[in-house]
Amino acid sequence: EDGNHERLDTVVAEATRILENRLRSLAGAPPECVGVDLVQHAFGTETPPLVVSDIGAEQKAAHLLYRGVFGFIRNQMHHRLVGTLTPDRALQILGMIDYLLHLAEGASKKGT
C-alpha cells in the first residue's frame, strides 16, 4: 500500500518456506531434507510418499513443477535480494505456491 515494492521478495521467500515446511511434514522427510532434494523425496522416487496422480506422466510432471518452483523461484528469493519484483508478479507467484500447497495437501499418502 505504501508503494514500497523493494521487499516483495521477502513475502515470496516466506511463502516458499511455508511450502517447504508443509511438504516436509506431509512427506515425512527429515529436517535436513530441503529444496530440490525434498521435492525428489516427496514426488520423484519409485514409490513417492506423495502421489498427486496415478498416471505416471502426470506424477512426473508434478515432480518437475515443484522442482522448478524450488530451483528457480525459491532459490532466487532465498539467495539474493530481488528488488525488481512487481506486486502483480508477486501475487502470481503466491497464487502458484497456494496451488502447490493445495495439490500436496490433497495428495495420496503412499510409499510411507
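Q: What makes the passage of H1 by H2 a helix contact in this predicted model, and at what angle do the axes cross?
A: The axes of H1 and H2 come within 10 Å and cross at roughly 35 degrees. Residues of both helices take part: Glu20, Leu23, Arg24 and Ala27 on the H1 side, and Gly35, Leu38, His41, Ala42 and Phe43 on the H2 side.

Q: Why is the crossing of H1 and H2 given the hand that it has?
A: H1 passes H2 in a left-handed crossing. That term applies because the near helix is turned anticlockwise from the far one by less than a right angle.

Q: What makes up the contact of H1 with H2 by residue class?
A: There are five nonpolar, two polar and two charged residues in the contact. Gly counts as polar under the classes used, whereas Glu and Arg count as charged; Gly35 belongs to the H2 side, and Glu20 and Arg24 belong to the H1 side.

Q: How do you know whether Leu91 is buried or exposed?
A: The relative accessibility of Leu91 is 57%. Exposed means over 50%, so Leu91 is called exposed. Leu91 lies in helix H4, and its C-alpha atom is separated by 8.8 Å from that of Val12, 79 residues apart along the chain.

Q: What is Leu101 in contact with, leaving aside its neighbours within four places in sequence?
A: Leu101 is in contact with Ile18, Leu19 and Arg22. As for Leu23, it is 78 residues apart from Leu101 in sequence, with 8.0 Å between the two C-alpha atoms.

Q: How do you know whether Ser53, a loop residue, is buried or exposed?
A: The relative accessible area of Ser53 is 12%. This value falls under the 20% limit, and therefore Ser53 counts as buried. The loop in question runs between strand S1 (50–51) and H3. Apart from neighbours within four places in sequence, Ser53 is in contact with Glu58 and Gln59. Ser53 and Ser108, 55 residues apart in sequence, have 8.4 Å between their C-alpha atoms.

Q: What makes a set of residues a nonpolar core, and which members touch the most others in the largest one here?
A: The members must be buried residues of the nonpolar kinds listed for a core, joined through side-chain atoms within 4.5 Å. The largest such core has 27 residues, and Val12, Leu19, Leu23, Phe43, Leu50, Tyr66 and Leu85 touch the most other members. Helix H1 (8–27), helix H2 (35–43), helix H3 (56–79) and helix H4 (87–105) each supply at least two residues. The largest share, seven residues, comes from H1. In soluble globular proteins, nonpolar side chains tend to be buried together.

Q: Which residues does Leu50 touch, not counting those up to four places away in sequence?
A: Leu50 touches Leu23, Leu26, Ala27, Ala42, Phe43, Gln59, Ala107, Ser108, Lys109 and Lys110.

Q: How many helices and strands does the protein have, and in what order do the elements run?
A: The protein has four helices and two strands. From the N terminus on, the order is α-α-β-α-α-β.

Q: What share of the protein is buried, and what share of the accessible surface belongs to carbon and sulfur atoms?
A: Of the 112 residues, 38% are buried. The accessible surface comes to about 6700 Å², with 54% belonging to carbon and sulfur atoms.

Note on methods:
Residues are numbered from 1 along each chain as its sequence is written. This is a predicted model: local features need pLDDT of at least 70, side-chain atom pairs count only at pLDDT 80 or more; totals for chains, interfaces and linings use all residues. Side-chain values use heavy atoms; hydrogens and water are left out. Buried means under 20% relative accessible area, exposed over 50%, partly exposed in between (1.4 Å probe, protein chains only). Contact means heavy atoms within 4.5 Å. Accessible areas come from the Shrake-Rupley method with a 1.4 Å probe; for residues, only the protein chains shown count as cover. Axes are lines fitted to C-alpha atoms, for helices over the stretch in contact, and angles run from 0 to 180 degrees between N-to-C directions.
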